[in-house]
Amino acid sequence: MQSGIMRVTVWGENEHDRTNEKVKAIYPDGMHSTIAASIRGHLTDRVEVRTATLEQPEHGLTEEVLDNTDVLTWWGHMAHHKVDDAIVARVHKRVLAGMGLVVLHSGHLSKIFIKLMGTSCSLRWRDDDSETVFTVNPGHPIARGVPAAFRIPEQEMYGEYFDIPQPDELVFISSFKGGEVFRSGCCFTRGQGRIFYFSPGHETYPVYHQSEVQRVIANAVEWVYQPEKQSYVTTSCINSPLGWMNS
Ligand code: ZN
């Protein structure tokens, strides 16, 4: 990985975006375009952003694209099952080697997130709600410039229990009209890679147009970005270059 400019690939499933009139009205160029534009807007000349979508060859995530990606963001929902296992394995390997990953909203059930977490990643769900996001780790880089609490007027309820491993760090907790709570901003490390999960972002509401949400995503891109990571090889004892295990 090169230091300096953060090379970001915003991955979008792009299915609702093309077929659902309500989603098309909110995101005429697809959610991935709005997310990409907001990352560009916040991180300006420190970032180079491209988009990739499911319907492209290799889902837009060729070896070449991933070799030139420092941070990948992931939004998927209705077509998780259409994501090729070989591409999931490719992304997984890259995360373990240090590529940052930001998983958004219904991406909690994506193959890549489940593979990285090792749990079901299932949660409690209800439609038609509003969400209040509380910053519970104000000193964390992902909370920089984010208010102590902010409201998302229209949003689905995602509630506990959320079947994930205990996050390394918890940055946001959300509450909903029904009194439910949810760990809505969670940090993980897998191998050398940093992962951030952020739950706001249902496709039929303009969540990715909201400034606080855009700020969190931009901060998350910066946090998962690790320019100095070197690839590493762990040898087995028998092949140890030191030789002392072979005698
Ligand atoms: Zn949703």
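Helices (H or I, at least four residues) and strands (E, at least two) are DSSP runs, numbered from the N terminus. This is a predicted model, in which local features need pLDDT of at least 70 and side-chain atom pairs count only at pLDDT 80 or more, while totals for chains, interfaces and linings use all residues. Residues are numbered from 1 along each chain as its sequence is written, and side-chain values use heavy atoms, with hydrogens and water left out. The model holds an open sheet of nine strands and a zinc ion with donors from His-105, Glu-156 and His-202.

**The sheet**

- The strand order is S2-S1-S3-S4-S9-S8-S7-S5-S6, with mixed pairing. Two strands pair if DSSP finds at least two bridges between them.
- Strand S2 (47–53) and strand S6 (149–159) are the edges; each has a single partner strand, so one side of each lacks a neighbour in the sheet.
- Direction ignored, neighbouring strands of the sheet are turned by 25° against each other on average. Axes are lines fitted to C-alpha atoms, for helices over the stretch in contact, and angles run from 0 to 180 degrees between N-to-C directions.

**Strand S9 and its partners**

- Strand S4 (residues 100–104) and strand S9 (residues 193–198) run parallel, joined by four bridges.
- Val-102 has Phe-196 of S9 as its bridge partner. Leu-104 stands opposite Phe-198 in S9.
- S8 runs antiparallel to S9, and six bridges join the two. Here Gly-185 stands opposite Phe-198.
- The hairpin of S8 and S9 has two residues between the strands, and Gly-191 takes a positive phi near 60° in it.
- Five of the six residues of S9 are buried, so the rest of the structure largely encloses this strand. Buried means under 20% relative accessible area, exposed over 50%, and partly exposed in between (1.4 Å probe, protein chains only).

**Helices on the sheet**

- Helix H3 (residues 31–43) lies across strand S1 (6–12), S2, strand S3 (71–75) and S4. H3 runs at about 175° to S2.
- Helix H5 (residues 85–96) also packs on the sheet. H5 touches S3, S4, strand S8 (181–190) and S9, and its direction makes about 115° with that of S9. Contact means heavy atoms within 4.5 Å.
- His-92 is in helix H5. With a relative accessible area of 18%, His-92 is buried.
- Leaving aside neighbours within four places in sequence, His-92 is in contact with Ile-112, Lys-115 and Leu-116.

**Zinc site**

- His-105 (NE2), Glu-156 (OE) and His-202 (ND1) coordinate the zinc ion at 2.0 to 2.3 Å.
- Donors are N, O and S atoms within 2.8 Å of the metal (3.2 Å for Na, K and Ca); water is not among the atoms, so sites may look incomplete.
- Along the chain, the donor spacing is H-x50-E-x45-H.
- His-105 is in the loop between S4 and helix H6 (111–117), and His-202 in the loop between S9 and helix H7 (211–224), so the pair ties together parts 97 residues apart in sequence.
- His-105 counts as buried at 1% relative accessibility. His-202 counts as buried at 7%.

**Packing of H3 on H7**

- H3 and H7 pack at about 75°, with their axes 9 Å apart.
- That makes H3 roughly perpendicular to H7. Angles under 35 degrees count as roughly parallel, over 145 as roughly antiparallel, 65 to 115 as roughly perpendicular and the rest as oblique.
- H3 contributes Ser-38, Ile-39, His-42 and Leu-43 to the contact. H7 contributes Gln-214, Arg-215, Ile-217, Ala-218, Val-221 and Glu-222.
- These contact residues divide into five nonpolar, three polar and two charged. Ala, Val, Leu, Ile, Met, Phe, Trp, Tyr, Cys and Pro count as nonpolar, Asp, Glu, Lys and Arg as charged, and the others, Gly among them, as polar.

**Backbone points to check**

- A cis peptide bond joins Glu-160 and Tyr-161, with omega about 15°. Tyr-161 is in the loop between S6 and strand S7 (169–176).
- Thr-44 is not a glycine, yet has a positive phi of about 40°. Thr-44 lies in the loop between H3 and S2, and is partly exposed at 46% relative accessible area.
- His-59, also a residue other than glycine, has a positive phi near 55°. His-59 is in the loop between S2 and helix H4 (63–67), and counts as buried at 10% relative accessibility.
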